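Visitor: Hi, could you walk me through this one?
Guide: Happy to. Here it is.

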Amino acid sequence: MNASASPLAVSTAARTIRVTTGKDYLTILFGMWLIGGIFVDGFAHNHGVVETFFTPWHAILYSGFMASALWMAWLLYRSKRATGASWVKAVPVGYGLGLVGVGIFLLGGLFDMYWHIVFGIEKNLAALLSPSHLMLLIGGVLIVSSPYRAAWHNAKMEKPGWGEFAPAFVSLVITTGAVGFFLMYAWMFRYNLPSASTVDWYLSTFGSGMIVEDNEVRGVCFILVNTIVYMVPVFLFMKRWALPIGVLTAHFTMITVLMNVLDGFENYQSIIIAFGAGLVGDIGYRVLKADRQEREWARRIVGALLPIALWSFYFAWMHATDGIGWETELWAGAIVEATLLSLGVQLLAAPRPSAKG
């Protein structure tokens with residue numbers, strides 16, 4: 001067989017089998033099809049147009065899954081033929097958990113059909129916490145994150161350009177988007193709880209300070225949850241690679257675009273806010289030369305700059321358009337708390353210092 005025609009790069013020394021970058025791109029394409037189906041289905045749920053399991057939205061979702069599953073099965077088959085290894089050892093680097101995800105997603109889909117037939121169609125929060133839907137989340141995340149794991153274990157990939165880095169980047173971004181989808185009930189930009197009009201509505205409707213305080217607690221929690229969703233991928237990127245220019249801006253923007261799909265881009269301003277925050281992060285990353293391995297302190301500064309910029313821009317936009325209904329101590333403290341949370345998570349993601357005797 002012609003080795004140049006193989007979609008795999010095989011290291012005979014380590015017996016590691018890698019999918020080529022071009023094939024990673026195809027994995028991403030099918031993964032975006034799958035995740036796109038999840039978001040279209042989410043939009044349908046949010047707008048009350050879902051009635052049965054057999055819908056066009058589910059057709060997009062499950063056809064995306066089938067394309068991903070067949071593609072990954074083909075990669076495994078070609079790997080086994082090229083190497084003669086056992087099925088387990090023939091699994092390309094990074095794709096083992098993806099193949100496990102195929103099985104989980106398939107079982108979750110069958111479970112979901114049974115669930116809908118027996119219990120009906122879930123709505124609102126129940127749809128996000130449905131056990132069958134959570135199985136689909138786990139399976140989907142394992143599938144679409146395969147190129148990211150493959151790149152992580154590629155020792156030759158230290159300072160990649162965008163052409164080489166894009167599959168790993170998009171893989172982790174759409175993985176994060178899937179997680180964000182299942183946390184849509186805690187997505188701050190959908191509710192804008194600190195706005196003056198929202199606070200006034202709760203007061204006029206319920207006439208109780210307790211309700212307003214409960215929503216303040218809810219809003220602060222949303223800010224902290226969203227900070228984790230945005231920042232964990234950033235720390236993983238910075239921990240492993242010297243990043244190409246624009247990664248942080250693209251990451252923040254793409255996540256926010258995905259979340260805007262759920263409401264038909266009603267909160268499109270959040271895309272501009274996220275773009276601005278990511279741009280601040282990218283500028284800080286370049287100015288501080290945070291791509292240098294020894295500059296962990298610079299990466300920590302970037303980890304603080306991003307949430308400060310994100311939530312400062314958010315409250316500045318709110319002040320300019322509707323007014324802030326929270327006390328200054330509350331909204332300013334929320335920015336500080338989000339920054340401290342970001343730094344705390346970064347300490348967990350930072351490389352372990354080498355022991356010196």
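**A loop residue and a core**

Visitor: Where does asparagine 154 lie?
Guide: Asparagine 154 lies in the loop between helix H6 (146-152) and helix H7 (162-181). Keep in mind that this is a predicted model.

Visitor: And is asparagine 154 buried or exposed?
Guide: Asparagine 154 is buried, because its relative accessible area is 19% and the cut-off for buried is under 20%.

Visitor: Which residues is asparagine 154 in contact with, leaving aside neighbours within four places in sequence?
Guide: On that count, asparagine 154 is in contact with Arg18 and Arg240.

Visitor: Let's change topic. Which residues touch the most other members in the largest nonpolar core?
Guide: Those are Trp241, Leu243, Phe252 and Trp311, in a core of 85 residues. Helix H10 (residues 209-240) gives the most to this core, with eleven residues.

Visitor: Which domains does this core draw at least three residues from?
Guide: Domain 1 (18-185) and domain 2 (187-351) each supply at least three residues to the core.

Visitor: Back to leucine 243: what does it touch, not counting residues up to four places away in sequence?
Guide: Leucine 243 touches Phe165, Phe237, Met238, Leu248, Tyr285 and Arg286.

Visitor: Now the whole chain. How many helices and strands are there?
Guide: The protein chain has 14 helices and two strands. It runs to 357 residues, and 49% of them count as buried.

Technical notes. Residues numbered from 1 in each chain as written. Predicted model: local features only at pLDDT ≥ 70, side-chain atom pairs only at ≥ 80, totals over all residues. Heavy atoms only, no water. Helix = DSSP H or I, 4+ residues; strand = E, 2+ residues; numbered from the N terminus. Buried < 20%, exposed > 50% of the residue type's maximum accessible area, 1.4 Å probe, protein only. Contact = heavy atoms within 4.5 Å. Core = buried A, V, L, I, M, F, W, Y, C linked by side-chain atoms within 4.5 Å. Domains from an automatic or database assignment.
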